[in-house]
Amino acid sequence: MKKNSYLLNTLLAVFVMIALAVMVLVRTFQPAAILPVLNIPNMVLISLVALLMDYFLAPEADRCYICIPVFSVLTFGLLPLAAGFATVANAWILALVGGAVFTLVTWLFSSMTQRMATGRTSKLAAVAGALGIWLAFQCFSGIIL
Amino acid sequence: MNKKILLPVLTLLICALVLVGLNAGLSGVAASKAEAELTAKMQAILPGSETFTEETYTGDDANIRRVFAAENGYVIEVATNGYAGEITMLVGVDKDGKVTGLQVRDMEETFGLGGEALTDHEFLRQYLQTSGEAEVGVNVDAITGATVTSKAITRCVNSAVAYVTGADASSGATS
């Protein structure tokens, strides 16, 4: 296994924490603000930010497809609970949905970047690809939900 | 065991601890700011009232969540399903059963369509001074492309009025 296999899950935890910390601060100091919910498009957005950062920091890293669902389930279950945005009763739903979403997005994004031509434009192409995946998930969520 | 696996485990635990600390540390400030904001909002929705006392709602209307009694009427927190999720509103109703103000507090409606209910004052103004007879397509023009959202808001407003006028037979406001 190549190095940095666990960087992706580490980045996911950090970005989910940052998003939730911002929401805690907004909820505290702007109580009238309508906060975004942790739904599929928003989970996909956070996942893609983590994936892009992982791609820039460790483009050659292998994926551990056992660790990815395990840690993402823990991340999306534990952190909203810790921030007070989920109850014990619904944290497990967030955990399962978040784990499934992150694993699927990781597989899609990795498949795309592995086939991408390397070069000066490859980083911009990854960003554009991530944007495409996010828009596709928004359409997908609009259709099924 | 691969020691590198400790990195995401420790990061996750540290992130959880940071969030627990942040949430616990700010909970007092959050509660007081939320209370002050709610009072200011209710004073704007029901002009002329200064103090609000929460009453227990024991009726059967599932849309009614909280009831606040004031000197000259009630502010009622109502919630119902819109197009994309639950819409929560505050509706001010005076003792004559007329709507004095309303505000959408929370929603997940589509940006640019149902989401306009937050800021479309022309739409919201149609409910002022109604007494439970608001109906989309009759005396309320729906937001363009957001009929479901408009009907949900109408249901909320009519539920609030019904509580005050007694049209909601299970309400205690007129007893």
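1. Helices (H or I, at least four residues) and strands (E, at least two) are DSSP runs, numbered from the N terminus, and two strands pair if DSSP finds at least two bridges between them. Residues are numbered from 1 along each chain as its sequence is written, while chains are lettered from A and ligands numbered from 1 in the order in which they are written. Please keep in mind that this is a predicted model, in which local features need pLDDT of at least 70 and side-chain atom pairs count only at pLDDT 80 or more, whereas totals for chains, interfaces and linings use all residues.

2. Five strands form an open sheet in the order β1-β2-β3-β4-β5 (chain B), with antiparallel pairing. Strands β1 (53-55) and β5 (99-106) of chain B stand at the edges with a single partner strand each, so one side of each is left without a neighbour in the sheet. On average, and with direction ignored, neighbouring strands of this sheet are turned by 25° against each other, where axes are lines fitted to C-alpha atoms, for helices over the stretch in contact, and angles run from 0 to 180 degrees between N-to-C directions. Helix α1(B) packs on the sheet and touches β2, β3, β4 and β5 of chain B, its direction making about 145° with that of β5(B); here two residues are in contact if their C-beta atoms, placed from the backbone, lie within 7 Å.

3. The pairing can be followed from strand to strand. Antiparallel strands β1(B) and β2(B) are joined by three bridges, and B:Glu54 has B:Phe68 in β2(B) as its bridge partner, while B:Phe68 in turn is the bridge partner of B:Val75 in β3(B). Strand β2 (residues 64-70) of chain B pairs with β3(B) over six bridges in the antiparallel sense, and a hairpin of two residues links β2(B) to β3(B). Between β3(B) and β4 (residues 86-94) of chain B, which run antiparallel, there are nine bridges, and the hairpin joining β3(B) to β4(B) passes through four residues. B:Gly73 in β3(B) stands opposite B:Ala70, and its bridge partner in β4(B) is B:Asp94.

4. Is strand β3 (residues 73-81) of chain B largely enclosed or largely open? Seven of its nine residues are buried, so the strand is largely enclosed by the rest of the structure. A residue is buried if 20 or more other C-beta atoms lie within 10 Å of its own, exposed if 12 or fewer, and partly exposed in between, with C-beta atoms placed from the backbone.

5. In chain A, helix α4 (residues 88-114) has 27 residues and reaches 38 Å from its first C-alpha to its last, close to the 39 Å expected at 1.5 Å a residue (the expected span is 1.5 Å times one less than the number of residues). Its buried residues include A:Leu94, A:Gly98, A:Phe102 and A:Phe109.

6. The contact between the chains takes 25 residues from chain A and 22 residues from chain B. Helix α1 (residues 6-45) of chain B gives the largest share of the side of chain B that touches chain A, namely 17 residues. That side of chain B divides into 15 nonpolar, two polar and five charged residues, where Ala, Val, Leu, Ile, Met, Phe, Trp, Tyr, Cys and Pro count as nonpolar, Asp, Glu, Lys and Arg as charged, and the others, Gly among them, as polar. B:Lys33, which is placed in helix α1 of chain B, is in contact with A:Thr28, A:Phe29 and A:Pro31, leaving aside its neighbours within four places in sequence.

7. The largest nonpolar core has 44 residues, of which A:Val16, A:Leu20 and A:Leu79 touch the most other members; such a core is a set of buried Ala, Val, Leu, Ile, Met, Phe, Trp, Tyr and Cys residues joined through C-beta atoms within 7 Å. Apart from it lies another core, of 34 residues, among them B:Ile45, B:Ile64, B:Leu102 and B:Met107.
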